[in-house]
Amino acid sequence: MNIETDYAHARELFVQAAESAGLRTFRNRVPYEGVSELYIDFALEKRDPDRALVLLSGTHGIEGYAGSHIQRELLSALPAGGPTLLFVHAVNPYGMALYRRANGNNVDLNRSFNLAPVQNPDYDYFDTYLNPKSGLQFYTGLAAGAFAQWRLGKFRTRQAVASGQMHAPHGIFFTGKEIQREVKVVQDVLRTHLAGVKHLTMIDLHTGLGEFGGEMLFVDHDRETDSPAYFEKCFGRRPDVADPSEGAYSIHGRISDGFRKALPEAKMRYCLQEFGTLSAGKVLNALRRENFDWRFRPAGTLPPDSIRNEMLDAFLPADPAWRSKIVGLGKQRWAQAWKTLSETPL
């Protein structure tokens, strides 16, 4: 299965698919580092004013290529009727265009909606490993990371590395210190076009975490207490809950809190659909190598092919069976969400 891996072409194909399906398209420009042609694109069809289904791609930049393809396939065969539809293409266009996970401020958008200071002192134990400052340190950091993991244990290590940190602006999993403009753009679109919606379902497409070809469906059980039961009914399987008491890590500044704040009167149910790729170690090594290169290359320039290919391997494996499976699952979950939302009583 061929999946487009050029941002400009992917967004062109998305807009063409949306317009062919009869949806209204519009865009917001979010330039960085002299790269001006970066847009968050939207495709909207007003249907039931009380219900809305939103599908997002590219919250984590490079992960948007898989999401973009799923969105285009859905747009080619939309069901009639049902809830209002909103497709959000490339929430983080800078990351998608430059094969990064973070935005132009090096912020991880799914750790960026911070309403309080982030405290994660354990991150510093892994700073040499995650964020080397020289070629030599890139390799010596491997030993430092292994020692820190031995010292802190598996759960504390996961929490330290991946939950988000506010004090290392050039580091991986940086939360930023203010709400990012990409989040504000999506919030404004939700307020403007979905005002008055009573029931809102959001699916946010991601890749990278979990077993190769596996699927995880994360819900905000602590924000939406009925979400686990709702999505279990919707998808016919139990959703995943990032519960620290069960060994998972929690993250700071979830982007879904920003969406929820934009439409406080709506009954929102949010699901992060994650497709597993390589092992956690391989994905993390791709991120640290890319981040190291990004820090020292000229602003706004593409990474070398070796970095680009390693990031694509980590977030969009070339394996045909993997691609076919995740596209099928993406379309299936959206169709199930459309059906359940259409039938949800007001």
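**A mixed sheet and its helices**

Seven strands form an open sheet with mixed pairing, in the order β1-β2-β4-β3-β5-β7-β6. Strands here are DSSP runs (E, at least two residues), and helices are runs of H or I with at least four, numbered from the N terminus. Two strands pair if DSSP finds at least two bridges between them. The edges belong to β1 (24-29) and β6 (215-219); each has a single partner strand, so one side of each lacks a neighbour in the sheet. On average, neighbouring strands are turned by 20° against each other, direction ignored.

The model is predicted: local features need pLDDT of at least 70, side-chain atom pairs count only at pLDDT 80 or more, and totals for chains, interfaces and linings use all residues. Residues are numbered from 1 along each chain as its sequence is written, and side-chain values use heavy atoms, without hydrogens and water.

Now look at β3 (residues 48-56) and β5 (residues 199-207). They pair in the parallel sense over six bridges. Leu 55 has Ile 203 in β5 as its bridge partner. Two helices pack on the sheet. Helix α8 (residues 227-235) touches β5, β6 and β7 (267-275), and its direction makes about 60° with that of β7. Helix α9 (residues 255-262) touches β3, β5 and β7, at about 155° to the direction of β7. Axes are lines fitted to C-alpha atoms, for helices over the stretch in contact (heavy atoms within 4.5 Å). Angles run from 0 to 180 degrees between N-to-C directions.

Turn to helix α10 (residues 280-296). Its buried residues (under 20% relative accessible area, 1.4 Å probe, protein chains only) include Val 283, Leu 287 and Trp 294. The buried residues pack against helices including α5 (135-152) and α11 (305-315).

Terms used. Buried means under 20% relative accessible area, exposed over 50%, partly exposed in between (1.4 Å probe, protein chains only).
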